[in-house]
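Welcome! Please take a look at it before you read on.

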Amino acid sequence: MRQLPFAASRRLTGFLTTLGLAFTLLPTPGMAQTTASSATPTSARANQPALLAPWAGGHGGVPAFDKVKVADFKPALEAAMAENLAEINAIANNPAAPTFENTIAAMERSGQTLTRVSAIYDIWSGTLNDAAFSVVETEMAPKLAAFSDQITQNAALFKRIETVYNAPATKKLTPEQQRLVEVDYKQFVRAGAKLNTTAKARVSAINQQLAGLFTNFSQNVLADEADSVLVLKTDKDLGGLPASLRDAAKTTAGTRKIAAVGVITNTRSSIDPFLTYSDQRGLREKAWRMFTNRGDNGGAHDNNALITQILQLRAERAKLLGYATHAHLRLDNTMAKTPEAAMQLMEQVWKPAVAREHEEVADMLALAKKEGASANFKIEPWDYRYYAEKVRKARYDLDQNEVKQYLQLDKMREGMFWVAGELFNFAFVPVTDVPVYHPDVKVWQVNDKTTGKQIGLWYFDPYARPGKNSGAWMNAYRNQERMDGKAVTTIVSNNSNFVKGTPGEPVLISWTDATTLFHEFGHALHGLSSNVTYPTLSGTNVVRDYVEFPSQLLENWLATPEVLNKFALHYQTGQPIPAALVARIDKASSFNEGFATTEFLASALIDMKLHLAGGQKIDPDKFERETLAEMGMPSELVMRHRTPQFSHVFSSDGYSAGYYSYLWSVVLAADAFSAFTEAGGPYDKAVAARLRKNVFTVGNTVDPATGYRAFRGRDPKIDALMKQRGFPMAKAKAGGKLGPSKPAGAPPKMPVQHK
């Protein structure tokens, strides 16, 4: 899923989002909602868009989605930006000597109107992006970037921040306040606050140009996904598909008004199951090519030229900011600290993963030939999932379609709620007193189980539709904070792209889909658990290669017997998943990890190598093809995200030179889950309490490496990951620690998306 455009507000987040230095995944409008700013009198707002109004109603105020008009976004954003600039200028020109309160805290209080407008704007961008909105988005993207630069390049404002940063009195502030000062100061420096006037102007011009290119990239991918479908014309075309997938394809054909027995849409949630089960090899190839060629078909929606421009602009900006490459700029503010450290981890895992992939292919070929394939039969990328599923069934007596019958979407959601109750003491209560932006969206109030106190709201948008970004992600509409003694609760959302089946029938999901569901819910729990004072440091506003840690960690609870016995219930009989089937799932847990790890690492390595290439003019297709060949990429699979559709990297700066962070975080997650298994098990109360205290509640108030050590008692090791994936430790450094862990400062600012 692409990064959403997020305006700078209350903490300079617009520039930081553009640069990928701030964070709440792919730009989450997660700033707190408190009182309306007084910069624009209430009387002057009488005829202004409803988007500008403070959020009203219960739950501390909620977005008025029922009053949103696309035509209002532009005037609302412009009015909110003007208001925010007035607030920033007042802070910058304050005649009083700079202090934490009149500079740093004052910045935290600013931009509340823009925060609210941006939150709703980003939701429309990610979930309701039709032709009318695209026009607005194309016009506003560079304007939002320019606005951000007016804040980060405000010399008077930076001088005040720098004065507070260097003041002896700052050492007497609370640890959280000192952390906030450090984060603000380093964000400004990394944004170019110390550059001369000429360099600042060029950085601003680059930011504006990039904002437009990011928007174009996103819209091209969205167009290819919306415009291309695989039409299944006859019953033969349905061959091999399970009933649930046939029903979904039939429903999609009806929704799209296409006269056919079924339609497969151009999204991962539709394509992957089709590639897994369809026995029509020719159709599998068509589906695979349709999906893997998004953004790479020539014509108006081709992204290659855009990527070339983006890479050159990023390289130029990095040089202006004093960094060797964009990769060095992006990783300066992470746990890894350097591209070299990230590359070291990836290369440590790459060879064992490729070796395992070769073993998996050999098993597939043996099975295919046993079934009658010719002697020269070759596994092609569109065959991999199909034959992997056959091998899984033959070796482990495990049919993913059999497992799917026990994985009802609604029951899996209830299972997540139950885990949240056990580990975080949360209770989820459905509410119907808040407006939603689409009928598919449902809302729950999250309470503390013991006290009944409201923690926040959780919105769930589960289904695919035209105009919605593919993939899965979490957003924060409002971040938790308690500035000025006002307790502000958070509002978070999880967003997926499941395909609706027959009306009235439960939606069945795969084990992979269920894992993704838990993953994104981990991000939501990270936001909901936040217990800090300042919104800049709240929730998921942590460095990129740490933000995926809580979400990767929560995936482990799906497979626990407590969840499976209570919530993995057969969609027809209601019986819990049999113990024998669970045992087969566990036995096969490391099956196909060669494929999964290799397709991910291919994307992560290409991402890093593209951004280490500096300012050279790159032909994306040629670079991808030649670099993968040099790496020894197996011919039977492709990158998880090919370059022309790599929205993590090219729809914003969010994950640029940062896709490695999923692997970095999964090392943390595997090591952290070992703390539970070494103690009393996955629901050990003492370990869960340490996890909440040192990871989930603290946001960015402490350095992540320090927080992890406080939880685990040591630095993370790679051993647990290698064991979890079934890779030999002889090819990795047993007991090896995870890279540099120097203190990381400012976080990256955007929505958290699925890998």
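**A helix tucked away**

In helix 10, the buried residues are Arg-268, Ser-269, Ser-270, Ile-271, Asp-272, Pro-273, Phe-274, Leu-275, Thr-276 and Tyr-277. Helix 10 (residues 268-277) is thus mostly covered, with 10 of its 10 residues buried. Buried means under 20% relative accessible area, exposed means over 50%, and partly exposed is in between (1.4 Å probe, protein chains only). Helices (H or I, at least four residues) and strands (E, at least two) are DSSP runs, numbered from the N terminus.

This is a predicted model, in which local features need pLDDT of at least 70 and side-chain atom pairs count only at pLDDT 80 or more, while totals for chains, interfaces and linings use all residues. Residues are numbered from 1 along each chain as its sequence is written, and side-chain values use heavy atoms, with hydrogens and water left out.

- Let's begin with Pro-550, which sits in helix 19 (residues 544-554).
- Is Pro-550 buried or exposed? Pro-550 is buried, because its relative accessible area is 1%.
- Not counting residues up to four places away in sequence, Pro-550 touches Gly-522, His-526, Val-695 and Phe-696; contact here means heavy atoms within 4.5 Å.
- Pro-550 and Val-666 are 116 residues apart in sequence, and their C-alpha atoms are 9.2 Å apart in space.
- The axes of helix 19 and helix 26 (residues 685-696) come within 12 Å and cross at roughly 155°. Axes are lines fitted to C-alpha atoms, for helices over the stretch in contact, and angles run from 0 to 180 degrees between N-to-C directions.
- Helix 19 and helix 26 are therefore roughly antiparallel to each other. Angles under 35 degrees count as roughly parallel, over 145 as roughly antiparallel, 65 to 115 as roughly perpendicular and the rest as oblique.
- The crossing of helix 19 past helix 26 is left-handed, a term used if the near helix is turned anticlockwise from the far one by less than a right angle (right-handed if clockwise).
- Which residues meet where helix 19 contacts helix 26? Tyr-546, Phe-549, Pro-550 and Leu-553 in helix 19 meet Leu-691, Val-695 and Phe-696 in helix 26.
- By class, the residues of this contact of helix 19 with helix 26 are seven nonpolar, no polar and no charged. Ala, Val, Leu, Ile, Met, Phe, Trp, Tyr, Cys and Pro count as nonpolar, Asp, Glu, Lys and Arg as charged, and the others, Gly among them, as polar.

**The two sides of helix 26**

- In helix 26, the buried residues are Val-687, Ala-688, Leu-691, Asn-694, Val-695 and Phe-696.
- A handy rule: an α-helix has 3.6 residues a turn, so residues three or four places apart point the same way.
- Lys-685 and Lys-693 are exposed on the other side of helix 26.
- What covers the buried residues of helix 26 includes helix 17 (409-424), helix 18 (511-529), helix 19, helix 25 (661-677) and helix 27 (704-712).

**Helix 2 and helix 6**

- The axes of helix 2 (residues 73-92) and helix 6 (residues 155-166) come within 8 Å and cross at roughly 55°.
- Helix 2 and helix 6 are therefore oblique to each other, and their crossing is left-handed.
- Ile-88, Ile-91 and Ala-92 of helix 2 make the contact with Ala-156, Leu-157 and Arg-160 of helix 6.
- The contact of helix 2 with helix 6 has five nonpolar, no polar and one charged residues.

**Loops to look at**

- Pro-381 lies in the loop between helix 14 (339-370) and helix 15 (384-396), and Pro-381 counts as buried at 14% relative accessibility.
- Pro-381 and Leu-637 are 256 residues apart in sequence, yet their C-alpha atoms are 4.6 Å apart in space.
- Most residues other than glycine have a negative phi.
- Lys-337 is not a glycine, but has a positive phi of about 75°; Lys-337 lies in the loop between helix 13 (326-331) and helix 14.
- Asn-592, also not a glycine, has a positive phi of about 65°, and its place is in the loop between helix 21 (579-587) and helix 22 (593-612).
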